[in-house]
Amino acid sequence: ETLTQLYAVVFGLDILGNPYGLAQNIKEGTKDLFYEPYQGMVQGPREFAEGVVIGMNSFLRHSVGGIVGAASKISRSLGKGLAKLTFDEEYQKQRARRMAQKPAHIGEGLVRGG
């Protein structure tokens with residue numbers, strides 16, 4: 001139990017992109033990929049087809065979402081660390097203010113990296 005908690009803390013660190021959370025997301029998506037069609041197969045062919053769609057949707061959502069989320073956390077941590085290395089307190093304050101503001105549109109969000 002304690003070892004499991006320790007793994008969750010260490011592998012949940014944002015600087016690593018939360019590999020524990022990524023593994024959990026992929027695990028959940030993979031489970032749904034097989035479980036949903038199986039549940040549908042028990043009920044009938046139409047439900048099987050619906051289960052395949054639901055399972056694929058869940059798998060893609062969890063996998064892609066997990067990978068993008070992990071990459072986002074890694075880049076956020078790196079950006080924060082590099083900002084600290086400048087030793088410029090004014091720049092760090094400006095960056096913190098910019099990061100706290102929501103982007104006006106998706107293009108701005110991509111450019112800012114937030």
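Analyst: Helices here are DSSP runs of H or I with at least four residues, strands are runs of E with at least two, and both are numbered from the N terminus. Asp-32 is found in one of these runs, helix 2. This is a predicted model, in which local features need pLDDT of at least 70 and side-chain atom pairs count only at pLDDT 80 or more, while totals for chains, interfaces and linings use all residues. Residues are numbered from 1 along each chain as its sequence is written, and side-chain values use heavy atoms, with hydrogens and water left out.

User: Why is Asp-32 called buried?

Analyst: Asp-32 has a relative accessible area of 10%, and buried means under 20%, exposed over 50% and partly exposed in between, with a 1.4 Å probe and protein chains only, so Asp-32 counts as buried.

User: What makes the pair of Asp-32 and Ser-58 a polar contact?

Analyst: Their side chains are joined at 2.5 Å, and a polar contact is a pair of N or O atoms within 3.5 Å (within protein, one must be able to donate a hydrogen and the other to accept it, and residues adjacent in sequence count only if both atoms are side-chain atoms). Leaving aside neighbours within four places in sequence, Asp-32 is in contact (heavy atoms within 4.5 Å) with Pro-37, Gly-55, Ser-58 and His-62.

User: How do you know that helix 2 and helix 3 are roughly antiparallel?

Analyst: The axes of helix 2 (residues 19-43) and helix 3 cross at roughly 175° and come within 7 Å. Axes are lines fitted to C-alpha atoms, for helices over the stretch in contact, with angles from 0 to 180 degrees between N-to-C directions. Angles under 35 degrees count as roughly parallel, over 145 as roughly antiparallel, 65 to 115 as roughly perpendicular and the rest as oblique, and helix 2 and helix 3 are therefore roughly antiparallel.

User: Why are helix 3 and helix 4 also described as roughly antiparallel?

Analyst: The axes of helix 3 (residues 45-85) and helix 4 cross at roughly 155° and come within 9 Å, so this pair is roughly antiparallel. The contact is made by Arg-76, Gly-79, Lys-80, Ala-83 and Lys-84 of helix 3 together with Tyr-91, Gln-92 and Arg-95 of helix 4.

User: What makes Phe-87 exposed?

Analyst: Phe-87, placed in the loop between helix 3 and helix 4, has a relative accessibility of 70%, and therefore counts as exposed. Its phi is near 60°, a positive value in a residue other than glycine.
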